[in-house]
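Here is a colleague's note for someone meeting this structure for the first time. Please read the points beside the sequence and the model.

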Amino acid sequence: MTVEARQGPTLRHVVDVLDHAAAAHGGELAVTDDEGDWSYAELAEHSCEFAQWLRRRGVSAGDRVVVCATASREFVAILYGCLRAGAVFVPLGPATTAYQLGQVVADARPRLVITDRIDETADTACSLQEVWAEVGRPGGPMTHPRAEVAPAQTALLIYTSGSTAAPKAVVSPHGRVLWATRAVAARLRYRTDDIVLCRLPLSFDYGLYQVFLCALAGAHLVLLSRKADLRLAAVARERGATVVPLVPSLATMLLHSARRDPGPSRIRLFTNTGEDLPQAVRAQLREHFPRAGIQLMYGTTECKRISVLEVDGDLRRPGSVGRALDGTRIRILTADGLPAAPGEAGEIVVSGPHVMAGYWRAPELTAARFRTDPHTGEVRLHTGDFGHLDGDGYLYFHGRGDDMFKRRGVRTSAAEIESAARDIPGVDHAVLLPPTDRRDMVLCVVTTLTPTEVLRHLGTLLDPARVPDRCRVFDRFPLSSNGKTDRARLSRQEAG
Amino acid sequence: MPWDDRFEALLRAALPYLSPDEPLSPDAELIDLGIDSMAAVELLSTLEQAYDVRFPDDSLHRETFRTAAALWSVLSRQLSREPTL
């Protein structure tokens with residue numbers, strides 16, 4: 001396939017994705033939420049109305065607009081409307097606390113904050129419901145405006161948690177968001193007739209990019225709220241879902257629902273990134289959804305996506321998270337900064353047109369992570385994550401940088417011990433809390449086994465330095481707002 | 001206590017913010033006691049197995065899991081309909 005064929009029509013601005021979908025599939029359903037459906041033509045129209053409303057409010061190119069809300073059709077229209085007006089969209093999820101919103105507002109200095117919440121945060125923000133009621137009102141001649149923006153101009157600020165105390169935002173320009181979307185689309189191959197069931201918050205880039213991936217393919221995005229959580233399998237069936245992006249907690253909920261309510265499913269593809277989908281969970285998905293493939297991916301908001309494995313590639317190459325996106329490069333660098341040999345572990349460093357433009361107003365942090373090669377001028381993203389490449393260029397992820405530590409003189413990672421613990425029959429989930437200056441490492445597991453049984457079995461899989469002395473059994477793990485295991489909370493519980 | 005011990009024990013297991021020495025009030029918001037979607041889904045399965053009942057589809061929404069009283073009311077309605085053998 002030529003580059004031209006893969007790239008499709010000329011797209012310079014993220015809104016072009018929507019406008020092309022509206023031109024090509026205007027009558028097809030674009031987005032559905034608990035309250036109803038919009039076609040691509042309707043979504044494009046609503047995004048124009050919102051862009052005009054923003055102009056009436058005096059919002060201009062480069063101004064930030066924070067939206068803190070549950071995923072909905074209006075959320076998507078506001079996203080495209082902001083971009084159409086040349087504004088920078090800053091998504092926050094419904095679980096954002098007033099404290100966190102305050103931090104983001106202080107950092108992003110938005111022109112406008114829009115929320116669907118009715119608590120103390122509403123004092124300084126516009127109500128999404130009220131905004132939307134105004135948006136529909138006629139306000140001057142209706143045009144289809146699209147601000148002229150250069151590809152280098154910022155489309156999104158995506159706030160991520162991380163090792164720093166304060167939240168930091170990844171500056172995501174139009175050109176790179178588009179490039180990353182198309183590179184991911186080339187691997188996932190969403191189809192025009194796909195119905196993508198999204199229960200992820202749209203503040204999480206894995207959720208947010210479902211909007212762009214669907215528009216690029218002309219597919220139908222179905223946004224679920226937490227109302228659907230108790231009957232996910234039934235809802236997937238009713239909606240005719242064919243693709244479901246998963247994080248482990250969502251997969252577990254879907255499986256619970258599928259067990260108590262078995263029935264046919266049209267799901268053809270599960271995708272996963274953000275947090276490793278344990279082997280036990282993948283096996284159960286395959287048992288309950290025999291027609292669905294599983295596609296594992298790995299990435300970081302700083303470049304959107306790093307690698308994608310083929311569908312069901314986890315069966316052929318266990319432990320791999322796939323090859324680099326086409327047109328990008330993954331390097332493994334040792335502690336000396338030298339290229340690692342195939343099979344040798346080191347820091348995962350990526351380069352390519354998907355690498356975003358750094359952190360918002362954080363030049364030091366940006367310089368540390370987004371390093372310019374002095375010889376070529378190429379920007380290399382130092383992910384801080386560890387892994388290795390095999391001889392065929394497949395990446396194996398070992399752990400987030402923060403997870404690496406030394407115990408009894410042996411360098412190891414939480415991911416390595418967790419992976420072994422999850423291979424013990426009867427263990428569903430495992431999280432290793434690395435040692436701190438106050439306590440040794442602790443293994444937390446969701447299992448029907450006793451702690452002693454887990455540790456005894458782990459002792460047959462790993463060397464003594466990698467076997468914890470303490471194991472705690474949980475019925476389930478606390479979750480963060482993105483549905484990932486909340487390691488920080490587990491760690492606090494363990495300290496307290 | 002308006003419910004049986006088994007219900008109390010199973011529900012408490014899903015409420016990380018309720019310490020063992022605190023009473024479980026019928027009208028306390030379970031979400032404030034730390035229940036989340038994942039725990040609710042698991043509690044649903046556990047209750048269905050423990051009592052050998054099936055919650056009807058139209059009860060599978062958040063209102064059912066809002067308070068202990070609401071949850072027990074849905075469960076006990078099923079119990080009166082489907083006596084265990």
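1. Basis of the note. This is a predicted model, in which local features need pLDDT of at least 70 and side-chain atom pairs count only at pLDDT 80 or more, while totals for chains, interfaces and linings use all residues. Residues are numbered from 1 along each chain as its sequence is written, chains are lettered from A and ligands numbered from 1 in the order in which they are written, and side-chain values use heavy atoms, with hydrogens and water left out.

2. Domains of chain A. Chain A is divided into domain 1 (4-296) and domain 2 (412-495), with bounds that come from an automatic or database domain assignment. Their contact (heavy atoms within 4.5 Å) takes 15 residues from domain 1 of chain A and 10 residues from domain 2 of chain A. The two domains bury about 980 Å² between them, with 52% of it on carbon and sulfur atoms; buried area here is the accessible area (1.4 Å probe) that two parts lose on being put together, summed over both. Taken over C-alpha atoms, the centres of the two domains are separated by 33 Å.

3. The interface between chains. Between chain A and chain B the buried area is about 1900 Å², of which carbon and sulfur atoms give 53%. Of the area that chain A buries against chain B, 45% is supplied by L230(A), R260(A) and R476(A), more than by any other three residues. The contact takes 16 residues from chain A and 23 residues from chain B.

4. The second largest pocket. A pocket is, on a 1 Å grid over the protein atoms alone, an open set of points with protein on both sides within 12 Å along at least five of seven lines, whereas a cavity is a set of points where a 1.4 Å probe fits but cannot get out; lining residues have an atom within 4 Å of a point. The second largest pocket has a volume of about 1500 Å³, a volume being the space filled by probe spheres set on points that are joined across faces, edges and corners. Of its 43 lining residues, the closest to the centre are T70(A), P94(A), A95(A), R199(A) and R226(A). This pocket lies between domain 1 and domain 2 of chain A, because both give residues to its lining. At least two lining residues each come from α6 (128-135) and α10 of chain A and from α2 (37-51) of chain B, where helices (H or I, at least four residues) and strands (E, at least two) are DSSP runs numbered from the N terminus. The lining divides into 17 nonpolar, 11 polar and 15 charged residues; Ala, Val, Leu, Ile, Met, Phe, Trp, Tyr, Cys and Pro count as nonpolar, Asp, Glu, Lys and Arg as charged, and the others, Gly among them, as polar.

5. The cavities. How many cavities of 30 Å³ or more are there? The count comes to two. The largest cavity holds about 60 Å³ of space, and its lining divides into 10 nonpolar, no polar and no charged residues. The largest share of that lining, three residues, comes from α8(A). The second largest cavity holds about 40 Å³ and is lined by L197(A), R199(A), L224(A), L232(A), V244(A), L246(A), L250(A) and L254(A).

6. Helix α9 of chain A. In this helix (residues 232-239), L232(A), A233(A), A234(A), V235(A) and A236(A) are buried, buried meaning under 20% relative accessible area, exposed over 50% and partly exposed in between (1.4 Å probe, protein chains only). Their cover includes β9 (195-198) and α10 (248-260) of chain A. After α9(A) comes G240(A), whose phi is positive, near 70°.

7. Loop residues to check. Most residues other than glycine have a negative phi. R109(A), however, has a positive phi of about 45°; it is found in the loop between α5 (98-108) and β5 (112-115) of chain A and counts as exposed at 54% relative accessibility. K304(A) also has a positive phi, near 70°, but K304(A) is buried, with a relative accessible area of 5%.
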